[in-house]
Amino acid sequence: MRAASEHPPPAGAPPPGPARRARFASLPPALLALSFALAPRPAAADPAAAEALFQEGRRLLLRGQIDEACEQLGESQRLDPSSGTLINLADCHERQGKIATAWAEFLAASRLAVIQKNATRSQEAGRRAALLEPRLSYLTVRVAAPPPGLKVQRGAQPMQGVQFGARLPVDPGEHTITAEAPGYATFQATVAVKPDGDDVHVWVPPLWGGSGGLSAPALGPERAGGRAKAAPEASPPARRRLGYAAAGLGALGVGVGAFFGVRALATNRRAEDACPTHDSCPPEALDERSRADTQAWASNIAVGAGLAGLALGGYLLFLDSPATAPAAGRSARGRLGLSAGLGGLGLVGRF
């Protein structure tokens, strides 16, 4: 016979072994039918297997084998949903550090216990959820200029448009944001969310490609060893050519600027030799000085334009490099970081 306790103790204390299921014997037939109709149940419930897994999960929890216990309790809940099992599963996830998951499960257990007319269990689950709420960490994903057919995922979880810009509770750890659309390059960024109140924002930029921009094939992530890895992305030829052209013109501009700079120095030296006192200078000296000023001006313009071309070329070629595989800038609280991917440059902020 199972213990009579209705809820587990707070995280950190060994659980005494709460009863798994609410008692339905005292419910009127109509309310009993409604409870079963409203409670989520799998297509093929297996109460016996669920009970065995629940008991094994409790034993593992007592022995401190948290990860294994959560697996057993989760499978028990899948086979035969119960508010008692869900409270134990939430307690297990809290011990794992999955605060957002535990918070959501405590709230779900509280609602399910209300359906099952177990006020004590509902209040306890609600109390545990309220204790976790101040510890929640949040992730906000904003999307700039979404193209047709855009799909955004947080890990393996698809994100709908209504979630963009919403401050969503997430478990601490690394979260990968992937944005892709037909005919566009894939943007991907991985951010680290810290425990206990972190607040991270990710801005997904306009994606490369489509009819309004440079063409770039979109390659999604591939999986190796069960973990998502950024797939090697093809280099966009148009952007690469543009990068080389900008860099070449920039180098030419710097060379022309250097040439005029040397000429300006030589011309100015001749003007100084012709009129060292700068007083009552002959026309030849004045002409040389004017010519030196013109050459210096041309040198400044050419060097400035050349440096701008080199910077643009380096920027385009840097984005085209495999070294810029999707990664996220990790910044301290209250700062912004840069996230570079083939699909564009995104911003990551922690507030």
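This is a predicted model: local features need pLDDT of at least 70, side-chain atom pairs count only at pLDDT 80 or more; totals for chains, interfaces and linings use all residues.
Residues are numbered from 1 along each chain as its sequence is written, and side-chain values use heavy atoms, leaving out hydrogens and water.

Of the 351 residues, 40% count as buried, meaning under 20% relative accessible area with a 1.4 Å probe, protein chains only. The protein has eight helices and 11 strands; these are DSSP runs (H or I, at least four residues, for helices; E, at least two, for strands), numbered from the N terminus.

Now for two helix pairs. Axes are lines fitted to C-alpha atoms, for helices over the stretch in contact, with angles from 0 to 180 degrees between N-to-C directions.

| Pair | Axes come within | Crossing angle |
|---|---|---|
| Helix 3 (residues 66–79) and helix 4 | 9 Å | roughly 150 degrees |
| Helix 4 (residues 83–96) and helix 6 (residues 119–132) | 11 Å | roughly 20 degrees |

Helix 3 and helix 4 are therefore roughly antiparallel (over 145 degrees). Helix 4 and helix 6 are therefore roughly parallel (under 35 degrees).

Who touches whom (heavy atoms within 4.5 Å)? Ser83, Gly84, Ile87, Asp91 and Glu94 of helix 4 meet Arg121, Ala125, Arg128 and Leu132 of helix 6.

Technical notes. Angles under 35 degrees count as roughly parallel, over 145 as roughly antiparallel, 65 to 115 as roughly perpendicular and the rest as oblique. Contact means heavy atoms within 4.5 Å. Buried means under 20% relative accessible area, exposed over 50%, partly exposed in between (1.4 Å probe, protein chains only).
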